[in-house]
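Dear colleague,

Please find below the structure that I am handing over to you. My notes on its contents follow directly after it.

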Amino acid sequence: MAARETVDPGEPVLGSAARHSSFSVMASEKSQDLMVTCTAPVNIAVIKYWGKRDEALILPINSSLSVTLHQDQLKTTTTAAISKDFTEDRIWLNGREEDVGQPRLQACLREIRRLARKRRSTGDGDAFPLSLGYKVHVASVNNFPTAAGLASSAAGYACLAYTLARVYGVEGDLSEVARRGSGSACRSLYGGFVEWQMGEQADGKDSIARQVAPEWHWPQLRVLILVVSAEKKQTGSTVGMQTSVETSTLLKFRAESIVPERMKEMTRCILEQDFQGFAQLTMKDSNQFHATCLDTFPPISYLNDTSRRIIQMVHRFNSHHGQTKVAYTFDAGPNAVIFTLEDTVAEFVAAVRHSFPPAANGDKFLKGLRVAPVLLSDELKAALAVEPSPGGVQYIIATQVGPGPQVLDGSHDHLLGPDGLPQRDL
Ligand code: DP6
C-alpha cells in the first residue's frame, strides 16, 4: 500500500485546472501541468561505481564516469499524471502494475514532493498549481529487455526523476532524486560524457552528476552492445556491491587509491579524444571491477564463457592491428559493451559474426545503426584463432553517444489515457 502524503491543511488549491472535476477535461485543457511524458537514456560506465558508503541515501565509495547511449536505440519512456480524482499513487512498468510502496520509488516521490513544496514556500518561479496532496499515476516502458544487464534501472529512475520534476514544476539538478532510485541513474540525467562526483558530505548534497563533455563532442565514437544473455541476472548490483563493501579489501584499495587518478585520466582522454587511452583505461577498469567481484566473499562472477571469449577476441583483434582499436566493458552481467571508432565498426562486427556465427537469426543479428557488411581478411581470421561458438552472441545493438532526457510534446505520446490508466496498446 502506498505511504500517503498528507495534504497540507489550509494549503490553497491553485490554478484553474484543479477546479475541473473530470480528469479528462483537466488533461485536455491543462495537459502541460497534469500529464507529462519524457524519455531518458541508458548510460554505460567506463569508470565503474561499485560500493556505497550510505545505503539509504545511495552515496558511493568512489566517483564514476559514463557514456550516455543514444535514445534512438535504447530508452525509457515515462508518463506521469496528477489528478485530484486519483485515490492513491500508482505505477505501471512495461504494462504491469507494480508495488508503489517499494522504498526506492517512495524515496524518489518523497524527494520530488519535498522539492516542489520548497519551491512553493520560497515562491521560486512558477510553483506547482495543484495541491501537493494529490496522487500521481506513473507508467513507464523500456524499448529493451528489463534487467538484462543493460542498465534499465538507470534509464528508468532517471526518467522517473525527470518526468516527476516536469509534472511538479521542479527545476535544477535532479541527481539527488534519481540517485535515490538507483545510484547509476543520476548519470543518465545528462547526455554525452558524465561523471558522478562521489562527494564528501554526510547528507549527500555534493554527490551529484555533471556533464564532462556534450554528446556531439566525439562524433566518431561508436558503441556496440553484444547481447550474450537476455536473462535476468543472478546477483543484483545492490546486494552484490553490499557484499563487496563488507568483504573485499581490493575494493577498498580501488576506491581509495586507484579511482581518483583514473577519473582524471579518463576525463583527459575524453576531452582530448585520445581513443587508445580511453579504450585501455575502460578495459582495465572493467577488469578491476570484476576482480573486486571475485575478491568478494563468497565470490560473485558476472562474466560467463562467452564474455571471456569476447575479451580474448578484442585483445587478438587489437594486437593484429598493432593498436587499441576496440575496447570492452562489462557491468553486473555477461553482456559486453564495445567502444570503437566509426572506421572500425564494420570490421569488428564481421569479426564477431566470424567468432559467434548467428544461430538462426542471421538477418536480425544486427540492430540499431546500419553497418555495412565487409569480408574479413584471412590474416585477421588467423589472428582471431577461435573455435567458432555458434549463438554465443544473440544479437548486436549498434549505437552511439546520445543526449540526455527529453520532454515529448505530443499528447499522443502519453502512456496514460485521459482516465489516468495505461493506454491499452502498452
Ligand atoms: C556495475 O546503480 O544498479 O553498473 O545504486 O544499488 O541501484 P544501485 O546500483 P546500480 O549499480 C550499477 C553498477 C554497475 C557500474 C556502474 O554503472 O557504474
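**Loop positions and backbone**

Ile 58 is found in the loop between β3 (52-54) and β4 (59-60); here helices (H or I, at least four residues) and strands (E, at least two) are DSSP runs, numbered from the N terminus. The phi angle of Ile 58 is near 55°, a positive value in a residue other than glycine. A cis peptide bond links Phe 297 to Pro 298, with omega about 0°. Pro 298 belongs to the loop between α8 and α9 (305-321).

As to conventions, this is a predicted model, in which local features need pLDDT of at least 70 and side-chain atom pairs count only at pLDDT 80 or more, while totals for chains, interfaces and linings use all residues. Residues are numbered from 1 along each chain as its sequence is written, and side-chain values use heavy atoms, with hydrogens and water left out.

**The five-stranded sheet**

Five strands form an open sheet in the order β13-β14-β12-β16-β15, and the pairing is mixed; two strands pair if DSSP finds at least two bridges between them. Its edge strands, β13 (326-329) and β15 (366-368), each pair on one side only. From one strand to the next the twist averages 25°; axes are lines fitted to C-alpha atoms, for helices over the stretch in contact, and angles run from 0 to 180 degrees between N-to-C directions.

Helix α8 (residues 275-294) packs on this sheet and touches β12, β13 and β14 (336-341), its direction making about 25° with that of β13; contact means heavy atoms within 4.5 Å. Helix α10 (residues 345-355) lies across β12, β13, β14, β15 and β16, and runs at about 15° to β12. Strands β12 (residues 221-227) and β16 (residues 395-400) run antiparallel and are joined by six bridges. Within β16, Thr 399 stands opposite Val 223.

**The four-stranded sheet**

A further open sheet has four strands in the order β2-β5-β10-β11, with antiparallel pairing. At its edges are β2 (43-47) and β11 (209-213), each of which pairs on one side only. The twist here averages 35° from one strand to the next. Four bridges connect β2 with strand β5 (residues 64-68) in the antiparallel sense, and Ile 47 stands opposite Leu 65 in β5.

**The ligand and its surroundings**

Which residues are closest to the ligand? They are Tyr 49, Lys 52, Arg 104, Ser 182 and Ser 184, out of 18 residues that surround the ligand; a residue is near a molecule if one of its heavy atoms lies within 4 Å of it. The shell divides into seven nonpolar, six polar and five charged residues, where Ala, Val, Leu, Ile, Met, Phe, Trp, Tyr, Cys and Pro count as nonpolar, Asp, Glu, Lys and Arg as charged, and the others, Gly among them, as polar. Helix α6 (residues 237-247) supplies the largest share of the shell, three residues.

Arg 104 places a polar side-chain atom 2.7 Å from an oxygen atom of the ligand. For Ser 182, a polar side-chain atom likewise lies 2.7 Å from a ligand oxygen atom. A polar side-chain atom of Asp 331 is 3.4 Å from an oxygen atom of the ligand. Taken alone the ligand exposes 460 Å², of which the protein buries 94%; accessible areas come from the Shrake-Rupley method with a 1.4 Å probe.

With kind regards

Notes: A polar contact is a pair of N or O atoms within 3.5 Å; within protein, one must be able to donate a hydrogen and the other to accept it, and residues adjacent in sequence count only if both atoms are side-chain atoms.
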